[in-house]
Amino acid sequence: MKSIKYQKDVDGFIKEAEREIEYIEWDIKGSKWDPACFWSQQAAEKALKALWAYYGRKPIKIHRLETLIKGVADKSPVIEKYLKTAMFLDQFYLETRYPDFIDERIKISESLGERALLSARKIIAAVKKELN
């Protein structure tokens with residue numbers, strides 16, 4: 001079995017990503033599209049930080065999924081296929097969290113909430129496949 005320097009981080013980040021998927025499902029059932037989009041970005045972020053830790057890189061405190069993917073692309077070329085998916089989710093980090101972005105917000109709808117959940121699930125699945 002491979003010895004992983006940040007195994008605790010790998011396990012913790014994956015566990016959190018999976019838990020956040022539950023939050024998204026609850027939000028969608030309640031027609032809460034803004035939090036569904038926010039948690040989708042967060043779930044994907046946690047999964048990507050698990051991948052960083054898996055490859056021996058200390059997870060950094062950033063939120064841009066694009067940066068997280070590019071930061072492990074040399075070790076995990078497969079994850080680069082999800083760059084556009086990550087960039088789609090990146091738009092929800094600031095817009096759904098900070099009130100000063102409200103004037104610039106996109107209209108968050110049911111279809112965006114469901115697409116965000118699907119996008120997060122794709123990234124999480126790709127990371128989990130890589131970890132096994």
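## Exercises on a predicted helical model

The structure holds six aromatic pairs; rings of Phe, Tyr and Trp (its six-membered ring) pair if their centres lie within 6.5 Å. This is a predicted model, where local features need pLDDT of at least 70 and side-chain atom pairs count only at pLDDT 80 or more, while totals for chains, interfaces and linings use all residues. Residues are numbered from 1 along each chain as its sequence is written, and side-chain values use heavy atoms, with hydrogens and water left out.

**Exercise 1.** Work out how the rings of Phe38 and Trp39 are paired.

*Solution.* Start with the general idea: a pair of aromatic rings is described by the distance of the centres and the angle of the planes. Here the ring centres of Phe38 and Trp39 are 5.2 Å apart and the planes sit at 70°, so this pair is edge-to-face (planes under 30 degrees apart are stacked, over 60 edge-to-face, the rest tilted). Next, look at the surroundings: ring pairs tie Phe38 and Trp39 into a cluster with Tyr23, Trp26 and Tyr93.

**Exercise 2.** Decide whether Phe38, Trp39 and Thr85 are buried or partly exposed.

*Solution.* First, the cut-offs: buried means under 20% relative accessible area, exposed over 50%, and partly exposed in between (1.4 Å probe, protein chains only). Phe38 has 11% relative accessibility, so Phe38 is buried. Trp39 comes out at 25%, so Trp39 is partly exposed. Thr85 has 17%, so Thr85 is buried too.

**Exercise 3.** Place Thr85 in the fold and find what Thr85 touches.

*Solution.* The protein has five helices and zero strands (DSSP runs numbered from the N terminus: helices are H or I, at least four residues; strands are E, at least two). Thr85 belongs to helix H4, residues 83-95. Now set aside neighbours within four places in sequence: Thr85 is then in contact with Ser119 and Ile123, where contact means heavy atoms within 4.5 Å.

**Exercise 4.** Find which helix gives the largest share of the lining of the second largest pocket.

*Solution.* A pocket is an open set of points on a 1 Å grid over the protein atoms alone, where a 1.4 Å probe fits, with protein on both sides within 12 Å along at least five of seven lines; lining residues have an atom within 4 Å of a point. Among the lining residues are Asp9, Phe13, Gln42, Glu45 and His63. Helix H1 (7-29) and helix H2 (33-54) are the elements giving two or more residues to that lining. The largest share, four residues, comes from H2.
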